[in-house]
Amino acid sequence: MDRKKIFKSHPFLPNRIPDTAIGHYLKTKRLELDLGVRELGRQINIDATYLSSLERNKHGYIPSNKTLRKLSGALNIEFDLLKELRKPLIKSRMEKYEED
């Protein structure tokens with residue numbers, strides 16, 4: 001999915017996505033579905049502590065495509081949207097590693 005289509009279909013997104021967007025979005029969608037972290041983790045076979053770390057944008061936690069696909073299905077979110085929301089997180093982490 002191209003970036004312009006994503007922004008058009010999801011008007012809540014700013015033109016520049018902050019690196020914390022994916023965690024905030026995942027938590028918001030989970031709460032909209034009235035799911036606890038443990039319950040979601042059981043549904044998609046992912047550790048609740050890991051999910052919580054993703055939602056809190058804990059340093060070093062970048063979800064894989066496999067994890068994004070599981071979350072996409074369980075939370076009824078477009079996979080391409082999650083990939084787009086993950087990009088700033090990857091970029092931010094890479095910049096931090098380059099500084100070291």
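The questions and answers below concern this predicted model.

Biologist: Which elements make up the protein chain, and in what order do they run from the N terminus?

Modeller: The model is predicted. The protein chain contains six helices and zero strands. The elements run α-α-α-α-α-α.

Biologist: What share of the contacts with a separation of 6 or more comes from residues 24 or more positions apart?

Modeller: The protein chain has 100 residues, of which 40% count as buried. Among its contacts with a separation of 6 or more, the share from residues 24 or more positions apart is 61%.

Biologist: At roughly what angle do the axes of α3 and α4 cross?

Modeller: Helix α3 covers residues 37-44 and helix α4 covers residues 48-55. The crossing of α3 past α4 is right-handed. Their axes come within 8 Å, and the angle is roughly 115°.

Biologist: How many nonpolar residues take part in the contact of α3 with α4?

Modeller: On the α3 side, the contact is made by Val37, Arg38, Leu40, Gly41 and Ile44, and on the α4 side by Ala48, Leu51, Ser52 and Glu55. Two of the residues in this contact are polar and two are charged. The nonpolar residues number five.

Biologist: How far apart are the C-alpha atoms of Val37 and Glu55?

Modeller: Val37 belongs to helix α3. Leaving out residues up to four places away in sequence, Val37 touches Arg30, Ala48, Leu51, Ser52 and Glu55. Val37 and Glu55 are 18 residues apart along the chain, and their C-alpha atoms are separated by 9.6 Å.

Biologist: Is the crossing of α2 and α5 left-handed or right-handed?

Modeller: The axes of helix α2 (residues 21-32) and α5 come within 10 Å and cross at roughly 35°. Ile22, Leu26, Lys29 and Arg30 of α2 meet Leu68, Leu71 and Leu75 of α5. This contact has five nonpolar, no polar and two charged residues. The crossing is left-handed.

Biologist: Which residues form the one aromatic pair found in the whole structure, and how many residues apart in sequence are the parts the pair ties together?

Modeller: The pair is formed by Tyr50 and Tyr61, is tilted, and has 5.6 Å centre to centre with 55° between the planes. Tyr50 lies in helix α4 and Tyr61 in the loop between α4 and α5, so the parts tied together are apart in sequence by eleven residues.

Biologist: Does Tyr50 count as buried, partly exposed or exposed?

Modeller: Buried would require a relative accessible area under 20%. Tyr50 has a relative accessibility of 21% and therefore counts as partly exposed.

Biologist: Over the ring of which residue does the charged end of Arg69 sit?

Modeller: The distance from the charged end of Arg69 to the centre of the ring is 3.9 Å. The ring in question is that of Phe79.

Biologist: Asn45 and Asn57 each have a positive phi; which of them is buried?

Modeller: Most residues other than glycine have a negative phi. Phi is near 60° in Asn45 and near 55° in Asn57. Asn45, in the loop between α3 and α4, is exposed because its relative accessible area is 67%. In the loop between α4 and α5, a relative accessible area of 17% identifies the buried residue as Asn57.

Terms used:
Residues numbered from 1 in each chain as written. Predicted model: local features only at pLDDT ≥ 70, side-chain atom pairs only at ≥ 80, totals over all residues. Heavy atoms only, no water. Axes fitted to C-alpha atoms, helices over the stretch in contact; angles between N-to-C directions. Helix = DSSP H or I, 4+ residues; strand = E, 2+ residues; numbered from the N terminus. Left-handed = near helix turned anticlockwise from the far one by under 90°. Contact = heavy atoms within 4.5 Å. Nonpolar A, V, L, I, M, F, W, Y, C, P; charged D, E, K, R; others polar. Phe/Tyr/Trp six-rings, centres within 6.5 Å; stacked < 30°, edge-to-face > 60°. Buried < 20%, exposed > 50% of the residue type's maximum accessible area, 1.4 Å probe, protein only. Lys NZ or Arg CZ within 6 Å of the ring centre and 35° of its normal.
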